[in-house]
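Hi everyone, thanks for coming. Have a look at the structure on the screen, and I'll walk you through some of its features.

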Amino acid sequence: MTTSAPARTPRKLGGVKIPTRLDRRYLPVVGTFVVLALMLIVGGSRYENFLTPAVVSNLFINNAHLIVLAVGMTFVILTGGIDLSVGSVLALSTVITAALLQAGWPPAVVIPVAVAAGTVIGLAHGVMIHYFQVQPFVATLAGMFFARGLCFLIAPESIAIDNASFAELATWVQIFGEWRMTSSVLIALIVLGLGFVVLHLTRFGRTVYAIGGGEQSALLMGLPVARTKVLAYVVSGTCAGLGGLLFAMAQRSGYSLTGVGMELDAIAAVVIGGTLLTGGTGFVLGSVLGVLVLGLIQTIITFEGTLSSWWTRIVIGVLLLIFVLLQRALTLRRT
Amino acid sequence: MTQQTAPPVVEMTGISVEFPPVKALDGVDLHLRPGEIHALMGENGAGKSTLIKALTGIYSPTAGTILVDGVERRFTGPADARAHGISTVYQEVNLCENLTVAENIMLGAEPRLLGGLNWRAMRRQAAVHLEHMGLDIDPASSLGSHSLAVQQLVAICRATVGDCKVLILDEPTSSLDTDEVEHLFTVMRALRDDGVAILFVSHFLDQIYEVSDRMTVLRNGGLVGEFVTADLPAAELVQHMIGRSMEVLEAAEEVVEHAERPAGATPLLQVVGLGRKGSVQPFDLDLYEGEVVGLAGLLGSGRTELARLLTGADRADVGQARVAGKPTRLRTPRVAMGHGIAYTSEDRKGEGVVDGLTVRENIVLALQAERGWMRPLPRKQVDELVAKYIQQLGIRPANPEALLRNLSGGNQQKVLLARWLATAPRLLVLDEPTRGIDVGAKAEIQKLVADLAADGMSVVFISAELEEVLRISHRITVMRDRRKVAEIDGGGATMDQVVDLIAGGGTK
């Protein structure tokens with residue numbers, strides 16, 4: 001027991017404490033970071049032109065939509081839930097964007113509508129899960145089928161986007177020397193920053209963590225559990241809608257079959273980033289590192305050239321397993 | 001015992017709480033004065049938790065008044081009570097282990113900065129509260145990295161944030177060791193000296209006598225009285241808690257016949273130094289065929305824990321067990337069943353009957369498990385068996401297809417007994433088989449236990465009702481504070497003797 005002799009005598013409270021040892025909470029994230037760094041070093045030593053600003057820029061550009069999904073997914077998983085619908089909702093958002101632009105709506109209207117579609121589905125999930133006590137897995141599975149079906153109802157075929165101002169937005173790029181940042185990367189980074197601030201500096205964010213740590217306890221501590229739980233799914237749904245927008249910008253089209261299985265990529269990224277599926281522990285920055293690890297695997301296999309691209313899946317599977325086992329070992333040691 | 005004469009901060013008068021048709025509390029008074037530690041005493045079901053819940057607004061009383069600082073109040077819930085200075089800390093730590101200590105203390109009343117959290121101020125304020133409690137831990141560390149005792153103290157720390165006039169501690173010590181309890185008491189005394197009224201619930205008599213100034217004793221939902229701790233001997237307190245005057249009890253007839261055990265008989269089950277850390281101190285016990293051994297002791301004295309070690313429900317850390325002279329390890333209930341040891345838990349609903357299944361299915365459950373699922377009992381044999389037990393034990397309704405949840409508590413208990421009797425056990429461990437069932441069914445079960453012993457079965461009988469234990473036991477093992485303190489012959493034992501043994505440690 002680390003209690004001192006119970007005393008009334010005021011003890012000097014030291015200034016800022018400098019942690020002498022790494023807090024255990026950060027270990028999984030540090031682990032992900034080390035893996036990422038190792039992959040960069042190994043890739044850089046094996047292939048020419050690997051560690052170049054162009055490759056790293058592309059890593060972000062190709063995965064901007066997945067970063068946004070992973071940020072939203074982190075909120076849900078932190079509460080101890082899961083959102084299986086994000087791939088379908090992303091597709092729905094691309095289809096809505098493409099269909100409305102084709103019908104001649106201005107982008108300034110289309111963009112909020114596409115994102116709001118995700119928000120509404122997320123709200124429906126949250127209400128089902130909290131007020132009707134439906135398992136998150138089942139509620140969002142239903143949402144996944146619903147959104148996918150809705151895509152086909154709107155447009156069975158792929159719709160190309162040829163709206164000029166939308167194309168302008170999509171091709172906006174900022175160049176710093178050899179580094180490139182597209183509009184989608186900028187949006188993804190803004191979402192990441194917002195996610196970080198909300199989770200760590202607001203009562204809503206801390207309540208998300210508290211619910212994951214113990215819903216009953218959070219309730220007895222007088223925290224707004226109902227509102228927070230529903231909002232977590234709203235955040236995830238909104239992120240999926242926004243992810244769809246980024247995907248439509250990249251593909252310049254909307255298609256009902258995009259993003260099949262992408263929810264699993266998002267979950268994998270969150271888990272590799274050190275967030276426990278049981279909720280309560282994890283960081284949004286970790287999730288982004290997870291996305292980058294997934295993207296980098298893809299890049300390395302492309303550089304390797306001779307390997308089938310399906311090796312990506314095998315490597316992701318192995319990594320996922322290693323990370324989950326690692327987390328298990330950490331939590332076991334704690335108890 | 002500072003301000004004996006100060007006006008009460010909480011004055012509950014004539015409080016009744018009903019859950020029709022049951023009257024859980026009947027005209028109970030409670031007076032809490034500022035600057036006192038007030039113990040709330042009573043056996044299980046006496047109404048302690050109900051009274052606390054009536055005060056904090058979880059239940060609403062059907063009669064009576066609650067005055068807080070002289071103003072009549074009915075709180076809408078714990079949050080409302082807390083806003084008026086009444087905080088509760090429960091037995092289980094209801095905090096979030098994954099958050100930091102500072103967050104656990106301050107969330108809900110956290111300092112803010114530009115609409116967000118002000119972490120720096122939060123840690124600083126939390127540190128001040130922690131220091132007040134004599135806790136030297138880093139507010140930025142996560143709660144889960146600390147021991148349960150520290151977490152319990154952090155929970156108390158959270159309760160004292162803001163204006164705390166009354167602190168309710170509902171069994172805060174049940175999972176703490178001696179040093180940790182000592183620290184908690186120091187904190188409680190410090191808070192008392194600051195003028196906080198503390199309502200303290202504990203099953204440990206030693207602790208009550210060590211820390212409390214006054215106490216209120218409840219029994220069966222009624223008020224027994226309010227006492228000054230120093231003026232009430234422990235034996236008298238136990239009598240108040242258990243009730244019944246001595247004369248009535250001693251007149252109660254004995255059900256069992258006290259036949260002499262043949263000399264040199266081998267015990268059916270013999271345990272030496274069996275114990276489990278944090279559960280029961282090592283104990284010795286011999287159980288013979290044809291004998292009922294009663295376990296007496298207050299709730300939390302280790303009665304159930306002992307039974308669970310005997311039956312493999314919990315695994316012992318130390319000690320040996322011999323079944324009919326042969327050494328064995330009772331690792332799981334299945335192993336114990338293999339040796340003919342059957343156990344009915346005190347938690348009838350949770351660990352006993354399956355209330356969605358029928359009487360028939362519940363009765364054959366254990367027998368079928370013993371045979372293995374690959375060899376189903378022939379239906380005809382099942383029907384005969386079930387009919388036999390329904391008739392023998394008088395299970396009502398006498399319908400094998402009735403769902404268990406539609407039976408009364410007493411009949412559910414009989415079905416549970418039938419389940420184990422069907423496996424023809426040599427040792428039957430019954431934990432509170434008569435709790436919450438009506439008088440008639442109680443007498444029937446007592447009679448049955450006596451008959452089983454007469455037929456040569458060995459029975460361990462646990463009950464909170466001393467009278468019952470005295471009546472049907474050949475021998476009585478007395479438990480106190482998770483330790484076996486005595487073993488006496490049931491035949492000559494009197495209520496006085498047993499009460500003294502149970503209270504033994506409380507008269508410091």
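Chain B has 18 helices and 22 strands. Helices (H or I, at least four residues) and strands (E, at least two) are DSSP runs, numbered from the N terminus. Please keep in mind that this is a predicted model, where local features need pLDDT of at least 70, side-chain atom pairs count only at pLDDT 80 or more, and totals for chains, interfaces and linings use all residues. Residues are numbered from 1 along each chain as its sequence is written, while chains are lettered from A and ligands numbered from 1 in the order in which they are written.

Let's take the overall form of chain B. Its C-alpha trace spans about 75 × 55 × 45 Å along the principal axes. For 508 residues, a compact globule would have a radius of gyration near 23 Å, and the 25 Å of chain B agrees with that. That radius is taken over C-alpha atoms, and the globule rule is 2.2 Å times the number of residues to the power 0.38.

How much of chain B is buried? Of its 508 residues, 46% count as buried. Here, buried means that 20 or more other C-beta atoms lie within 10 Å of a residue's own, exposed means 12 or fewer, and partly exposed is in between, with C-beta atoms placed from the backbone. As for contacts in chain B between residues at least 6 apart in sequence, 70% of them join residues at least 24 apart. Two residues are in contact if their C-beta atoms, placed from the backbone, lie within 7 Å.

Now let's zoom in on a helix. Helix α6 of chain B covers residues 178–193, so to speak 16 residues. From first C-alpha to last, α6(B) reaches 23 Å, close to the 22 Å expected at 1.5 Å a residue. The expected span is 1.5 Å times one less than the number of residues. The buried residues of α6(B) include Val181(B), Leu184(B) and Val187(B), and also His183(B) and Arg192(B). What do the buried residues of α6(B) pack against? They pack against β3 (37–41), α5 (148–159), β9 (166–170), β10 (197–201) and α7 (205–211) of chain B. Just after α6(B) comes Gly195(B), with a positive phi of about 95 degrees.

β3(B) runs parallel to β10(B), joined by 3 bridges, and parallel to β11 (residues 214–219) of chain B, joined by 4 bridges. Ile37(B) has Ile198(B) as its bridge partner in β10(B), and Met41(B) stands opposite Val217(B) in β11(B).

Ala159(B) is buried, with 21 other C-beta atoms within 10 Å. Leaving out residues up to four places away in sequence, Ala159(B) touches Ser87(B), Val89(B), Cys164(B) and Leu167(B). The C-alpha atoms of Ala159(B) and Thr88(B) are 6.8 Å apart, although 71 residues separate the two along the chain.

Next, a sheet. Six strands of chain B form an open sheet in the order β18-β19-β20-β15-β21-β22, with mixed pairing. Two strands pair if DSSP finds at least two bridges between them. At the edges stand β18 (341–344) and β22 (483–489) of chain B, each with a single partner strand, so one side of each is left without a neighbour in the sheet. Strand β21 (residues 475–480) of chain B runs antiparallel to β22(B), with 6 bridges, and Ile476(B) stands opposite Ile488(B) in β22(B).

To finish, two loop residues. Most residues other than glycine have a negative phi. Glu171(B) has a positive phi of about 50 degrees and is found in the loop between β9 and α6 of chain B. Ala424(B) also has a positive phi, near 50 degrees. Is Ala424(B) buried or exposed? Ala424(B) is exposed, with 11 other C-beta atoms within 10 Å.
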